[in-house]
Amino acid sequence: MAGPMADTIRVVCESMAIECKLSAFPWRRALKMTEDGDVDGLFAVVKLPEREKYMYVTEPIIESAYGVFVPTSSSLKYSAPVDLDGYTVGAYGPSAASRALEEIAIY
């Protein structure tokens, strides 16, 4: 595991003098493992009511945001959801990204 979240978790574990094993799983399996109590923690998680039924979600450790990515040849200049009118937008789901798109989508 690599990146700012993994690095942060390693530092916290080291400061607590505990051994932490970080493993990667497909997202749905990781959520199920957390719900079933098969793992002690999960990152990076968005606080959602259905998740709070079976896990404690801390305040954000690292702030992140979603961006719009297009080919360099695209004429799209995004500044507001209306700029996506007429475009097809993809997002991995179910995820916080797909939920965010649903909130701004006009069907």
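K47, E52 and E59 are tied together in a network of salt bridges. Keep in mind as you look around that this is a predicted model. In total the structure holds four salt bridges, and a search of the whole structure turns up one disulfide. Here is a tour, topic by topic.

**Salt bridges**

- K47 and E59 meet through their side chains, at 3.7 Å from N to O. This pair links distant parts of the chain, twelve residues apart: K47 sits in the loop between helix 2 and helix 3, and E59 in the loop between helix 3 and helix 4.
- K47 is partly exposed at 41% relative accessibility, while E59 counts as exposed with a relative accessible area of 57%.
- D7 pairs with R10, and their closest N and O atoms are 3.8 Å apart. Both belong to helix 1 (residues 4–15), where a spacing of three residues separates them by about one helical turn. An α-helix has 3.6 residues a turn, so residues three or four places apart point the same way.
- D7 is partly exposed at 44% relative accessibility, and R10 is partly exposed with a relative accessible area of 39%.
- K32 and D36 also form a salt bridge, with 3.1 Å from N to O. K32 is partly exposed, at 45%, and D36 is partly exposed, at 42%.

**Helix 2 and its buried side**

- The buried residues of helix 2 are A30, L31, M33 and T34. They lie on the same side of helix 2, because the arc they cover around the axis is only 160 degrees.
- Helix 3 is included in what covers these buried residues of helix 2.
- T34 counts as buried because its relative accessibility is 11%, under the 20% cut-off.
- Leaving aside residues up to four places away in sequence, T34 touches V39, L42, Y54 and M55.
- Just after helix 2, G37 adopts a positive phi of about 80 degrees.

**The disulfide**

- C13 and C20 form the disulfide, with their sulfur atoms 1.8 Å apart.
- The torsion about the S-S bond of C13 and C20 is about -90 degrees, so this disulfide is left-handed.
- C13 is buried, with a relative accessible area of 7%, whereas C20 is partly exposed at 35%.

**A nonpolar surface patch**

- V68, V70, Y78 and I104 make up a nonpolar surface patch of about 310 Å².
- V70 is found in the loop between helix 3 (49–52) and helix 4 (96–104), and V70 is partly exposed with a relative accessible area of 38%.

Key
Residues are numbered from 1 along each chain as its sequence is written. This is a predicted model: local features need pLDDT of at least 70, side-chain atom pairs count only at pLDDT 80 or more; totals for chains, interfaces and linings use all residues. Side-chain values use heavy atoms; hydrogens and water are left out. Buried means under 20% relative accessible area, exposed over 50%, partly exposed in between (1.4 Å probe, protein chains only). Contact means heavy atoms within 4.5 Å. A disulfide is a pair of cysteine sulfur atoms within 2.5 Å. Patches are made of residues with over 30% relative accessible area and no salt bridge: like charges are joined within 9 Å, nonpolar side chains (Val, Leu, Ile, Met, Phe, Trp, Tyr) within 5 Å. Accessible areas come from the Shrake-Rupley method with a 1.4 Å probe; for residues, only the protein chains shown count as cover. Helices (H or I, at least four residues) and strands (E, at least two) are DSSP runs, numbered from the N terminus. The arc is that of the directions from the helix axis to the C-beta atoms.
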